[in-house]
Amino acid sequence: MFSKVEKVTCVGAGYVGGPTCAMIAHKCPDIQVTVVDMNSEKIAEWNSEKLPIYEPGLHEIVMAARGKNLHFSSDIPKAIREADLIFISVNTPTKNYGRGKGMAPDLKYVESVARTIAQHAGAPKIVVEKSTVPVKAAESISFILREAQKNDTRLAFQVLSNPEFLAEGTAIRDLSNPDRVLIGGESTKEGQEAIHHLVSIYERWVPRDRILTTNTWSSELSKLAANAFLAQRISSINAMSAVCEATGADVREVAHAVGFDSRIGNKFLQASVGFGGSCFQKDVLSLVYLCESLNLQKVADYWMGVIDINNWQRRRFADKIIAELFNTVTDKRIAIFGFAFKKNTGDTRESSSIYVSSHLLEEHAKLAIYDPKVSEKQIRMELGNNVDKQIVEKLVTVCADPYEAAAGAHAIVVLTEWDEFKELDYSRIYSSMQHPAAIFDGRLILDQPVLRDIGFRTFAIGTAPDQAYNLFGSSGCC
Ligand code: UDX
Ligand code: ADP
């Protein structure tokens, strides 16, 4: 093939492709990295001062490498032609049409990139699946590429699976210090050679014992399995949160006690209004679809429970708000704090805020929404996909700061755990609201006793209102 990878191209300049390639460029100054996308506006943004995604630490590493060994371009054929190794990093959303609608991931973008690579390669290439794909997707990519090989003897392809495990909001930290890098490939001599080339890129900054190599299918399935396990933990603690609310137990204490068991561990046990993001729901549904296709209905049902609990948790929280606001929110102003699916990102895909807000809008509440990183256009677009656009137009105000959102509101609903929400002047907020004033904390970030002292009625996921007490000590919020 070739002795060393000198040029890397990534097709797809999104939340995965952009940060991943910025990190490779940052860590490998001798490798030329080009990120391409069919969306030329996005490429223009990557080439501007305001990057298309917000990710702590990303701006710095992009600015340091851009124009040196990191390039953003719309010329996809050229970038493919020149590359030794090509990452496919395009979106694989859940299908919203046809066979597998609402369950299977849509592979049309991955397939289209495979065909573009086949058309423009001109020389041997290593093709790396970075997008999360169902098991055996690499086989389809190989099939398309082999067809091109039949007509052009200069071509040779090796397809590797190298799923990305970064989490948004901590992408740069995760990429620079990953728990593991996973690479799957064929056991043939050529397959092993391709694996070696990719290993030699990561080896520059990732300890060798954290770079795992497996067969292609194990690698593909491991990504789905890892996301399913993580999502399952959240649904498990969220299921417990309902039991806590009904019994007077406190979900934070339960999570703490359970997580102390070293076999269980203390991470990812934060009860919430439900997980969001582009991955968990999509990947669990993809796993369910795979199991159904394999006639493993029991397994499919088991994993579907994770999604069911998540949807139930969102609905349960919205219903709680309505019930506590005297069974009607019609015409009541409600401040929504946070629209992103988690803090430190502007990404709203599958955010629980969309679902809780939509339930409230269906009850004709007036929403005043504030998020530090999500634009008004984005908020309206997401809600408009869920609720009648006229209702969104009439009932939604997007505010520039949380004080403005809360002024005149009957209630505040915290849906994203932004740190700034812990530090607001809640006495000032209380005096600007309608009374009785309520706070619904869907992220368990606020200090309920302090808020109650101010005069708020408080409700937090996983705590019974009359039992909740200060777990934050004197360093807590407010
Ligand atoms: C996830 C995986 O963590 C990552 O490894 C994979 O590559 C992509 O999918 P991401 O969706 O970016 O990453 O963020 P993550 O931190 O996993 O959070 C997902 C959702 O779960 C968020 O809505 C978050 O608020 C929620 N969450 C997370 C909880 O509700 N409780 C927790 O304890 C952890
Ligand atoms: P992810 O979170 O997986 O990175 P994103 O939606 O943020 O997903 O990014 C995927 C990117 O892939 C988008 O910017 C989209 O324009 C790009 N893309 C999709 N299909 C193609 C294609 N055939 N060629 C080039 N870019 C593509």
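Colleague: How many of the 478 residues are buried, and what makes a residue count as buried?

Modeller: This is a predicted model, and in it 53% of the 478 residues are buried. A residue gets that label when its relative accessible area is under 20%.

Colleague: What radius of gyration does the chain have, and how do you know whether it agrees with a compact globule?

Modeller: A compact globule of 478 residues would come out near 23 Å, and the chain has 24 Å, so the two agree. The C-alpha atoms fill a box of roughly 75 × 50 × 45 Å along the principal axes.

Colleague: Why do you say ligand 1 lies between domain 1 and domain 2?

Modeller: Because both domain 1 (7–206) and domain 2 (218–478) give residues to its shell. Helix H9 (residues 216–247) supplies the largest share of that shell, with four residues.

Colleague: What makes the Lys-342 side chain a polar contact of ligand 1?

Modeller: The cut-off for a pair of N or O atoms is 3.5 Å. A polar side-chain atom of Lys-342 sits 2.7 Å from an oxygen atom of the ligand, so that pair qualifies. For Leu-269, a backbone N or O atom is 3.4 Å from an oxygen of ligand 1, within the 3.5 Å limit.

Colleague: How much of ligand 1 does the protein bury?

Modeller: Taken alone, the ligand exposes 660 Å², and the protein buries 91% of that.

Colleague: What kinds of residues form the shell around ligand 1?

Modeller: Eleven are nonpolar, four polar and five charged.

Key: Residues numbered from 1 in each chain as written. Chains lettered and ligands numbered in written order. Predicted model: local features only at pLDDT ≥ 70, side-chain atom pairs only at ≥ 80, totals over all residues. Heavy atoms only, no water. Polar contact = N/O pair within 3.5 Å; in protein donor to acceptor, adjacent residues only side chain to side chain. Areas by Shrake-Rupley, 256 points an atom, 1.4 Å probe, with all protein chains shown as cover. Helix = DSSP H or I, 4+ residues; strand = E, 2+ residues; numbered from the N terminus. Nonpolar A, V, L, I, M, F, W, Y, C, P; charged D, E, K, R; others polar. Domains from an automatic or database assignment. Rg over C-alpha atoms; globule rule 2.2 N^0.38 Å. Buried < 20%, exposed > 50% of the residue type's maximum accessible area, 1.4 Å probe, protein only.
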